[in-house]
Amino acid sequence: LRLMKAIINPAMIAALVFGLLLLLAQPDLMRQGWLHAKLALVFGLFAVHGMMSGWLKAFAADRNRKSAKFFRVINEIPTVLMIGIVILVIVKPF
């Protein structure tokens, strides 16, 4: 819970703010297809963050109904999304 409040939530807010500032400074970026794909992955990352926040609250209240295997698998989704985001930014395939 402390990690979520001290690091993860502020990092997510900072990424959102700086991303919006970048788009305000360079609105022509919105005409590039790779950015649309990147934003889709970023919003997917926000969705995963929201789901994980809910599961964390369920753990804290001792209401967890998910298996350990579920969490081992779901834990890899943010990594895959972040790898895709970085690849899109570097390669800019379209």
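This is a predicted model: local features need pLDDT of at least 70, side-chain atom pairs count only at pLDDT 80 or more; totals for chains, interfaces and linings use all residues.
**Figure 1. The whole chain.** Buried residues make up 18% of the 94 residues.

**Figure 2. Helix α1 against helix α2.** Here we zoom in on α1, which covers residues 2–25, as it meets α2. Their axes come within 12 Å and cross at roughly 155°. Angles over 145 degrees count as roughly antiparallel, and so α1 and α2 are roughly antiparallel to each other. The crossing of this pair is left-handed. On the α1 side, the contact is made by M4, I8, N9, M12, L16 and L23. On the α2 side, look for L35, F46, H49, M52, S53 and L56. Sort the residues of this contact by class and you get 9 nonpolar, 3 polar and no charged ones.

**Figure 3. A closer look at H49.** This histidine has its place in helix α2. Is H49 buried or exposed? Its relative accessible area is 14%, and the cut-off for buried is under 20%, so H49 counts as buried. Which residues does H49 touch, leaving aside its neighbours within four places in sequence? They are M4, I8, N9 and M12. Those four names also turn up on the α1 side of the contact between α1 and α2.

**Figure 4. Helix α2 against helix α4.** Next up is the packing of α2, residues 33–60, with α4, residues 77–91. Two packed helices are described by the angle between their axes and the distance between the axes. For α2 and α4, the angle is about 160° and the axes are 9 Å apart. That angle makes α2 roughly antiparallel to α4. The crossing of α2 and α4 is left-handed. From α2, the contact draws on W34, A37, K38, L41, V42, G44, L45, V48 and M52. From α4 come I77, P78, L81, M82, G84, I85, L88 and V89. How do the residues of this contact divide by class? There are 14 nonpolar, 2 polar and 1 charged. Spot M52 while you're here: it belongs to this contact, and it is also listed in the contact of α1 with α2.

**Figure 5. D62 and its positive phi.** Most residues other than glycine have a negative phi. D62 is not a glycine, yet its phi is positive, at about 60°. Where is D62 found? Look in the loop between α2 and α3, the helix that covers 68–74. D62 has 68% relative accessibility, and over 50% is the cut-off for exposed, so D62 counts as exposed.

Figure 6. K92 lies in the segment after α4. This residue isn't a glycine either, and its phi is positive too, at about 45°. With a relative accessibility of 44%, K92 counts as partly exposed.

Definitions and conventions:
Residues are numbered from 1 along each chain as its sequence is written. Side-chain values use heavy atoms; hydrogens and water are left out. Axes are lines fitted to C-alpha atoms, for helices over the stretch in contact, and angles run from 0 to 180 degrees between N-to-C directions. Helices (H or I, at least four residues) and strands (E, at least two) are DSSP runs, numbered from the N terminus. Angles under 35 degrees count as roughly parallel, over 145 as roughly antiparallel, 65 to 115 as roughly perpendicular and the rest as oblique. A crossing is left-handed if the near helix is turned anticlockwise from the far one by less than a right angle, and right-handed if clockwise. Contact means heavy atoms within 4.5 Å. Ala, Val, Leu, Ile, Met, Phe, Trp, Tyr, Cys and Pro count as nonpolar, Asp, Glu, Lys and Arg as charged, and the others, Gly among them, as polar. Buried means under 20% relative accessible area, exposed over 50%, partly exposed in between (1.4 Å probe, protein chains only).
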